[in-house]
Amino acid sequence: DRGEKELFFWIVLDGEVRVTKPEADGAMTLLGALKAGDTFGEVPLLTGVSAAPARGEVIHDSHLVRVNPESFWDLMGTCPVVRAGVLANMG
């Protein structure tokens, strides 16, 4: 289905990424600015429900790591530091 998107877990290694959400009236709502060490994309992977569409804009030169769902679950099961960080983001 064309409407389905692949889900990934992302880790910001350096730089800064601004995340916005498009609104029905065409406005963009700022969700946050992500910096080195921040992660995103875990909620849809944990819940199995796709998140609302969001847009990332690089503010400063950035490097990110994209983790596929299988590797995300491997990390959650084997790496307490990643697991604790992901769960802290949920709070």
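Reader: What should I know about the model before we start?
Author: This is a predicted model, where local features need pLDDT of at least 70, side-chain atom pairs count only at pLDDT 80 or more, and totals for chains, interfaces and linings use all residues. Residues are numbered from 1 along each chain as its sequence is written, and side-chain values use heavy atoms, with hydrogens and water left out.

Reader: Happy with that. What makes up the pattern of the protein chain?
Author: Helices (H or I, at least four residues) and strands (E, at least two) are DSSP runs, numbered from the N terminus. By that rule the protein chain has three helices and four strands, and along the sequence they read β-β-β-α-β-α-α.

Reader: Why is F8 called buried?
Author: Buried means under 20% relative accessible area, exposed over 50%, and partly exposed in between, with a 1.4 Å probe and protein chains only. F8 has a relative accessible area of 16%, so F8 counts as buried. Its place is in the segment before β1 (9-22). Across the protein chain, buried residues make up 20% of the 91 residues.

Reader: Which residues does F8 touch?
Author: Contact means heavy atoms within 4.5 Å. Not counting residues up to four places away in sequence, F8 touches F40, G41, L45, R66, V67, N68 and P69. Take G41: it is 33 residues from F8 along the chain, yet their C-alpha atoms are separated by 5.9 Å. In the protein chain, 68% of the contacts with a separation of 6 or more are between residues 24 or more positions apart.

Reader: What makes a group of residues a nonpolar core, and which residues form the largest one here?
Author: A nonpolar core is a set of buried Ala, Val, Leu, Ile, Met, Phe, Trp, Tyr and Cys residues joined through side-chain atoms within 4.5 Å. The largest has six residues: F9, L45, V67, F72, M76 and V86. For L45, leaving aside neighbours within four places in sequence, the contacts are L7, F8, F9, P69, F72 and W73. As a general background, nonpolar side chains tend to be buried together in soluble globular proteins.

Reader: How do you know that R18 and E57 form a salt bridge?
Author: A salt bridge is a side-chain nitrogen of Lys or Arg within 4 Å of a carboxyl oxygen of Asp or Glu. The closest N and O atoms of R18 and E57 are 3.9 Å apart, and the pair forms a salt bridge. R18 lies in strand β1 and E57 in strand β4 (residues 55-67), so the pair ties together parts that are 39 residues apart in sequence.

Reader: Lastly, why is M90 called partly exposed?
Author: M90 has 39% relative accessibility, so M90 counts as partly exposed. M90 lies in the segment after α3 (80-89). Leaving aside neighbours within four places in sequence, M90 is in contact with E42, V43 and L46. M90 and T78 are twelve residues apart in sequence and 19 Å apart in space, C-alpha to C-alpha.
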